[in-house]
Amino acid sequence: MNQFLEINRTGTYSVKYEESKTLFDSTNVIPMWVADMDIAAPKVIVEAIQKRAQHPIYGYTIYPKEYFGSIVLWMKKRYGLLIQESWVVPANGVVTSINFAIEAYSNIDDSIIVQTPIYPPFMSSVKNHRRKLLENKLLYIDGKYHIDFEDFEEKAKEAKLFLLSSPHNPTGRAWSKEELTNLMEICKKYGVVVVSDEIHADLVYKGHNISFASLGYDRSVVLNSPSKTFNIAGLKTSYAIIPNKKLRFAYQAVQKNAGIESGNPFGIEALIAAYNEGDLWLEELKSHLRGNIDLIKNSLKANRIPIKPIDTEATFLMWLDCKELFGIHKQITDFFYKEAKLGLSDGILFGNGGEGFMRLNFGTSSGVISLAMKQLNEAYARKH
Ligand SMILES: Cc1ncc(COP(=O)(O)O)c(C=O)c1O
């Protein structure tokens, strides 16, 4: 039975659908932007939430031993990574944690490295805290993204912090052990703290993600959540893994100062169910998402659409090089939003290197992907 069929999200106050109307100035655009999926969460999660909801008191909730235990178990069974429960700091969202980490590990005017193009909050969080943004621009060579290590080392000399997206949003790169080790060695040399956002780690298509926590660098923090993997982003339940006591206390102090101490009862139940019982569903999801990648690539090729899909090694987000489609960026966005009626994320939002690109969220049913490709093909045919 195909459990990844189209699902109607009307009436759920979905950001992706509600904000589409203003964002794309239209009610009939297929939303393929913000990173959640149009896919039902696994039954084990739905049942765990339903069970908890039956108890009519939804008061302040502790993070129970089971919560920490399931994170330790997930890291061990999925990644062979041995972490201790005491290293885990529960949090209310990865972007929130990025902001807290910036406060904890840097001061005003300190420099922070990010690798552009990048998920926009990496840049805005740095700027909002009045830190200096150092862009280690990724190298785009023959349709693939690489790290410019020479430039990275130059920037590391003056940086306090490095915000790593691993796997990388929007390019879909799952960094190799060698690449991560090189980054780690440079950060070690200059004493740069690494905050590795691994929210897309479970969605690596070949092999598995290499967590920064496996490299044994004691000035590093890993941020993660079951939110992307199991489509439960609205539950705002995430965590940081911080082996180094000093770094952990510094982070915890900032989070506590913001008044954040207890968790979301439904998020806690969902995380425990996901990490204890979600493995099989995750494998099925990945195979479904691989199918969607093939559908998109095959359709672009068969219809000779001059859009280059970047190899999606991880995530349910595809980075599309549209520079051959039109030379002017505004023509590209107009084509997607007004002609093809597809609400993709505008590449420009991802900073340097985003011009000429669009990001397509393919975390949906294969039916919606086929419809989106049909609209794209028809719009292209009308233009040519
Ligand atoms: C790389 C990355 N980090 C963080 C987030 C958001 O995480 P959260 O909802 O936990 O703040 C996203 C969502 O798109 C993401 O792609």
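Five strands make up an open sheet of mixed pairing, in the order S1-S13-S14-S12-S11; two strands pair if DSSP finds at least two bridges between them. Strand S1 (30-32) and strand S11 (308-309) are the edge strands, each with a single partner strand, so one side of each has no neighbour in the sheet. Helices (H or I, at least four residues) and strands (E, at least two) are DSSP runs, numbered from the N terminus.

The model is predicted: local features need pLDDT of at least 70, side-chain atom pairs count only at pLDDT 80 or more, and totals for chains, interfaces and linings use all residues. Residues are numbered from 1 along each chain as its sequence is written.

**The sheet in detail**
- Strands of a sheet pair through backbone hydrogen bonds, either parallel or antiparallel.
- Strand S13 (residues 342-346) and strand S14 (residues 357-361) run antiparallel and are joined by 2 bridges.
- Asp346 has Met358 of S14 as its bridge partner.

**Overall form**
- The protein contains 13 helices and 14 strands.
- The radius of gyration, taken over C-alpha atoms, is 21 Å, which agrees with the value near 21 Å for a compact globule of 384 residues; the globule rule is 2.2 Å times the number of residues to the power 0.38.
- Along the principal axes, the C-alpha atoms fill a box of roughly 60 × 55 × 35 Å.
- Of the 384 residues, 45% are buried; a residue is buried if 20 or more other C-beta atoms lie within 10 Å of its own, exposed if 12 or fewer, and partly exposed in between, with C-beta atoms placed from the backbone.
- Among contacts with a separation of 6 or more, 74% are between residues 24 or more positions apart; two residues are in contact if their C-beta atoms, placed from the backbone, lie within 7 Å.

**Two domains**
- The protein is divided into domain 1 (15-40 + 279-383) and domain 2 (45-277), with bounds that come from an automatic or database domain assignment.
- The centres of domain 1 and domain 2, taken over C-alpha atoms, are separated by 26 Å.
- Contacts link 25 residues of domain 1 with 29 residues of domain 2.
- On the side of domain 1 that touches domain 2, helix H11 (279-302) and strand S12 (317-321) are the elements that give two or more residues.
- The residues of that side of domain 1 comprise 12 nonpolar, 6 polar and 7 charged; Ala, Val, Leu, Ile, Met, Phe, Trp, Tyr, Cys and Pro count as nonpolar, Asp, Glu, Lys and Arg as charged, and the others, Gly among them, as polar.

**Surroundings of the ligand**
- The ligand is surrounded by 13 residues, and the closest are Ala35, Gly93, Val94, Val95 and Asn169; a residue is near a molecule if its C-beta atom, placed from the backbone, lies within 6 Å of it.
- This shell divides into 6 nonpolar, 6 polar and 1 charged.

**Backbone features**
- Most residues other than glycine have a negative phi, and most peptide bonds are trans.
- Thr116 and Pro117 are joined by a cis peptide bond with omega about 0°, and Pro117 lies in the loop between strand S3 (111-114) and helix H6 (121-128).
- A cis peptide bond also joins Ser166 and Pro167, with omega about -5°.
- Arg130, not a glycine, has a positive phi of about 60° and is exposed, with 11 other C-beta atoms within 10 Å.
- Asp142 has a positive phi near 50° and is exposed, with 5 other C-beta atoms within 10 Å.
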